[in-house]
Amino acid sequence: TVANTNFIISLQILFLATFGYFFLKEKISSVTLLSIVLAITGVLIMVGNSLGPGEMTGNLAAFSMPITFAVLIMIVRKFPSVDMVPAQFYAGICSCLIGYFLSTKIMISPHDIFLGFLAGCFQVGLGFIFITTGARTTPSAMVGIIMLSESVLGPIWAFIFVSERPSMYGLIGGAIILFAVLIQFYSLISKNKKSSSH
């Protein structure tokens with residue numbers, strides 16, 4: 001289900017924090033741990049009443065996304081001097097080829113091609129370029145917390161552009177996630193001020 005997929009993908013915050021701790025020796029502060037708990041609570045509130053058992057294959061496929069994303073961030077964090085942006089370009093080419101060979105029939109209207117171009121270049125493409133660049137100097141757990149703001153902004157864009165009203169659970173869960181992100185940002189700003197004063 002869509003709810004299952006959204007919740008499973010949001011678990012990337014746990015994979016990022018865990019992988020960062022074991023593979024990069026990044027310590028998880030109490031503030032970050034609180035932010036992680038709050039963020040996952042917010043996601044659960046947003047999609048909890050829609051969660052179901054779903055198909056095992058679908059759930060496993062959804063689980064591959066947060067794990068592979070966490071691996072990507074680990075590589076970027078491990079080798080910050082290597083420019084990983086071209087890898088995003090090759091990933092896009094590979095995705096096109098996989099999609100082409102797995103499709104039995106391809107019938108795409110010019111309108112859908114245009115929408116796909118917008119999504120691929122600006123929504124997904126630019127987003128991953130910014131994440132790949134920013135992850136060089138941003139702790140893994142914080143990357144995961146920031147990424148969760150996507151699940152909050154999605155309903156906001158839907159409300160602004162297509163007048164789709166978010167549910168009360170969506171508003172409450174989204175507010176909790178944004179609060180978790182703000183806590184993390186405040187912690188980072190405070191830490192930077194302390195280090196600059198020394």
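Leaving out residues up to four places away in sequence, Val-43 touches Phe-7, Ser-10, Gly-48, Leu-148 and Ile-177, where contact means heavy atoms within 4.5 Å. This is a predicted model, in which local features need pLDDT of at least 70, side-chain atom pairs count only at pLDDT 80 or more, and totals for chains, interfaces and linings use all residues. Numbering starts from 1 along each chain as its sequence is written, and side-chain values use heavy atoms, with hydrogens and water left out.

Val-43 belongs to helix H3, residues 30–47; helices here are DSSP runs of H or I with at least four residues, numbered from the N terminus. Val-43 counts as buried because its relative accessibility is 4%, the cut-off being under 20% relative accessible area with a 1.4 Å probe, protein chains only. Between Val-43 and Gly-174 there are 7.5 Å in space, C-alpha to C-alpha, and 131 residues in sequence.

Now the helix pair. Helix H2, residues 12–23, packs against helix H7, residues 140–147, at an angle of about 170°, and the axes are 7 Å apart. Axes are lines fitted to C-alpha atoms over the stretch in contact, and angles run from 0 to 180 degrees between N-to-C directions. H2 is therefore roughly antiparallel to H7, a label for angles over 145 degrees. H2 contributes Gln-12, Ile-13, Leu-16, Ala-17 and Gly-20 to the contact, and among the H7 residues are Val-143, Gly-144 and Ile-145.

Which residues of H2 are buried? They are Gln-12, Ile-13, Phe-15, Leu-16, Ala-17, Phe-19 and Gly-20. Just after H2, Lys-25 has a positive phi of about 60°.

Technical notes:
Buried < 20%, exposed > 50% of the residue type's maximum accessible area, 1.4 Å probe, protein only. Helix = DSSP H or I, 4+ residues; strand = E, 2+ residues; numbered from the N terminus. Parallel < 35°, antiparallel > 145°, perpendicular 65-115°, else oblique.
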